[in-house]
Amino acid sequence: MKILMVCLGNICRSPLAQGIMEHYAPEDWVIDSAGTSGWHSDERPDTRSILTAKEHGITLDHQRSRQVTVEDFEVFDILFAMDSANYSNLIQLAPSDAAKQKVRLILNESYPGENKAVPDPYTGGQEGFTHVYELLDEAIQSFLKTH
Ligand code: 4NP
């Protein structure tokens with residue numbers, strides 16, 4: 001299984017999603033993350049994401065931000081969007097109907113059909129990152145129960 005976690009900047013939400021999925025998933029799975037924007041390319045995850053992950057024994061040390069590319073639709077089986085804007089941007093970028101089928105909203109794993117968003121924590125405080133962690137942990141555990 002190859003999974004790409006996608007948010008806007010690839011420094012807050014999707015790095016946490018990548019870290020949590022790497023923590024629980026089988027070792028032969030490929031997990032990566034990317035942003036729909038390239039605003040923070042080559043940067044490390046936000047220090048608040050790094051801290052939140054560390055509190056749960058998860059390291060984001062190996063991660064650097066990058067922008068999602070059209071090739072990602074060939075490489076990955078599933079592209080998980082954090083919110084509806086990420087979802088729409090991925091659908092626009094998808095080169096085929098088969099590629100569009102690979103795009104999912106991550107919180108539909110834990111709240112099927114509700115199309116809930118993982119809120120963007122960038123402009124808030126540390127508590128926003130804790131909330132993001134909890135939402136992602138729940139969604140990823142739900143996903144792994146059925147895969
Ligand atoms: P992310 O959060 O999409 O979860 O990585 C953001 C990071 C940076 C910005 C917005 C959201 N920004 O505007 O730079």
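Predicted model: local features only at pLDDT ≥ 70, side-chain atom pairs only at ≥ 80, totals over all residues.
The buried ones are Arg 13, Ser 14, Pro 15, Leu 16, Ala 17, Gln 18, Gly 19, Ile 20 and Met 21. From its first C-alpha to its last, helix 1 reaches 17 Å, close to the 16 Å expected at 1.5 Å a residue.

Setting aside residues up to four places away in sequence, Met 21 touches Ile 3, Met 5, Trp 29, Ile 31, Ile 140, Phe 143 and Leu 144. Met 21 is also among the residues with the most contacts inside the largest nonpolar core, together with Met 5, Ile 106 and Leu 136. That core has 27 residues. Helix 6 supplies the largest share, with 8 residues. Apart from this core lies another one, of 13 residues, including Val 68, Phe 73, Leu 79 and Leu 90. As background, nonpolar side chains in soluble globular proteins tend to be buried together.

Now for the aromatic rings. A pair of aromatic rings is described by the distance of the centres and the angle of the planes. The whole structure holds 2 aromatic pairs. In one of them, the ring centres of Trp 29 and Phe 143 are 6.3 Å apart and the planes meet at 75°, so this pair is edge-to-face. Trp 29 belongs to the loop between helix 1 and strand 2, while Phe 143 belongs to helix 6, so the pair ties together parts that are 114 residues apart in sequence. Both of these residues, Trp 29 and Phe 143, are buried.

Phe 143 has a second ring partner, Phe 80. Here the centres are 5.4 Å apart with the planes at 90°, so this pair is edge-to-face as well. With Phe 80 in strand 3 and Phe 143 in helix 6, the pair links parts of the chain 63 residues apart. Phe 80 has a relative accessible area of 0% and is therefore buried, and Phe 143 counts as buried at 1% relative accessibility. Through these ring pairs, Trp 29, Phe 80 and Phe 143 form a cluster.

The loop between strand 4 (103-105) and helix 6 is our next stop, with Pro 121 in it. Pro 121 is buried, at a relative accessible area of 5%. Beyond its neighbours within four places in sequence, Pro 121 is in contact with Cys 12, Arg 13, Arg 48, Gly 128, Phe 129 and Val 132. The C-alpha atoms of Pro 121 and Arg 13 are separated by 7.7 Å, although these residues are 108 apart along the chain. Elsewhere, Lys 116 lies over the face of Tyr 111, at 4.4 Å from the ring centre.

Finally, a look at the backbone. Most residues other than glycine have a negative phi. Asn 10, in the loop between strand 1 and helix 1, has a positive phi near 55°. Asn 115, in the loop between strand 4 and helix 6, also has a positive phi, near 50°. Are these two asparagines buried or exposed? Asn 10 counts as buried at 3% relative accessibility, whereas Asn 115 counts as exposed at 52%.

Notes. Residues numbered from 1 in each chain as written. Heavy atoms only, no water. Core = buried A, V, L, I, M, F, W, Y, C linked by side-chain atoms within 4.5 Å. Buried < 20%, exposed > 50% of the residue type's maximum accessible area, 1.4 Å probe, protein only. Helix = DSSP H or I, 4+ residues; strand = E, 2+ residues; numbered from the N terminus. Contact = heavy atoms within 4.5 Å. Expected span 1.5 Å × (residues − 1). Phe/Tyr/Trp six-rings, centres within 6.5 Å; stacked < 30°, edge-to-face > 60°. Lys NZ or Arg CZ within 6 Å of the ring centre and 35° of its normal.
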